[in-house]
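Here is a short report on one protein model. It goes from the overall fold to a single residue.

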Amino acid sequence: MSTKKVLFITQEIAPYLPDSEIALTSRHLPQGIQDQGREIRTFMPRYGCINERRNQLHEVIRLSGLNLIIDDTDHPLIIKVATLQPARMQVYFIDNEDFFHRKNIVADDEGAEYEDNDERAIFFVRGVFETIKKLRWIPDVIHCHGWLTALTPLYLKRIYRDELCFSDTKVVYSIYDDSFKNPLRKEFAKKLMQDGATHKDVHHVAKQPDHLALTKLAVQFADGVIQGAPQLDDDVQQFITQLEKPFLPYQSRDVYIKNYNDFYNSLIGTNE
């Protein structure tokens, strides 16, 4: 049996960014899954606060150069890579001067969230899909961490559904305590529809594109959901139950890698 491939898409990884539930999980989980015998790839944005020289990032010319159109505007896609020592694990960085050359992640020094966070999320997710297509490395499982990755299930199941290479790929969404305060721009749903989603697909974010609506959108199209933080919003829990989504509750640090791996296996139909 061929080795199963797991793609990790995350909005933050330690030590490139400060420790958080997402950053630490995104640091240790891919390594642990790799140690389980899986092939893995990991993607995150190349925020301006990440020192390229210190972390030895370099551009992958053969993967860069594509322009992604969002709301009728071209945005160049740049791909960079670094090796996370001592795990010997490569991390791919989605880079773009317009979206990610700021020293903060989702808000400025005063705490004001960036107005274009909607387009930053679109660009990041589309950038990952286009890059793995170029790599010709098609995952069996995609595991998403953080709200900036929440569009991944929608894009896999709707925008990229005609790509035969993704026909068997399953997507898992982890839910964390990483809520943003202000709703995304009201044109958010329209931009998703410009990429190929239908109004029915994006109805959760059409009226009030807040964190709850975005989470429901991710859950709706995910094949499985993981509780990534100790507490889970009651509305989200009820929504997961209503849709009868495969669900893994919060796992302690001493068992979560094995249990996550077993959860992947349950989705792709293997008992490895």
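What share of the contacts in the protein with a separation of 6 or more do residues 24 or more positions apart account for? They account for 68%.

## Overall build

The model is predicted. Its secondary structure comes to ten helices and eleven strands. Along the principal axes, the C-alpha atoms fill a box of roughly 45 × 45 × 40 Å.

Buried residues make up 54% of the 272 residues. The accessible surface comes to about 12400 Å². Carbon and sulfur atoms hold 45% of that surface.

## The sheet

Nine strands form an open sheet with mixed pairing. The order is β3-β6-β7-β2-β1-β8-β9-β10-β11. Strands β3 (58-59) and β11 (247-248) stand at the edges. Each has a single partner strand, so one side of each is left without a neighbour in the sheet.

Strands β6 (residues 78-84) and β7 (residues 89-95) pair in the antiparallel sense, over seven bridges.

Is α8 mostly covered or mostly uncovered? It is mostly covered: eight of its eleven residues are buried. These are H211, A213, L214, T215, L217, A218, V219 and F221. They pack against β9 and β10, and also against the helices α5 (152-159), α6 (188-194), α7 (203-206) and α9 (234-243).

## Y173

Y173 sits in strand β9 (residues 170-175). Why does Y173 count as buried? Its relative accessible area is 2%, and the cut-off for buried is under 20%.

Which residues does Y173 touch, not counting those up to four places away in sequence? They are C144, G146, W147, T149, A150, T215, A218, A222, G224, V225 and I226. Of these, T215 and A218 are among the buried residues of α8. H143 is 30 residues from Y173 in sequence, yet the two are 6.0 Å apart in space, C-alpha to C-alpha.

Note on methods:
Residues are numbered from 1 along each chain as its sequence is written. This is a predicted model: local features need pLDDT of at least 70, side-chain atom pairs count only at pLDDT 80 or more; totals for chains, interfaces and linings use all residues. Side-chain values use heavy atoms; hydrogens and water are left out. Helices (H or I, at least four residues) and strands (E, at least two) are DSSP runs, numbered from the N terminus. Buried means under 20% relative accessible area, exposed over 50%, partly exposed in between (1.4 Å probe, protein chains only). Contact means heavy atoms within 4.5 Å. Two strands pair if DSSP finds at least two bridges between them. Accessible areas come from the Shrake-Rupley method with a 1.4 Å probe; for residues, only the protein chains shown count as cover.
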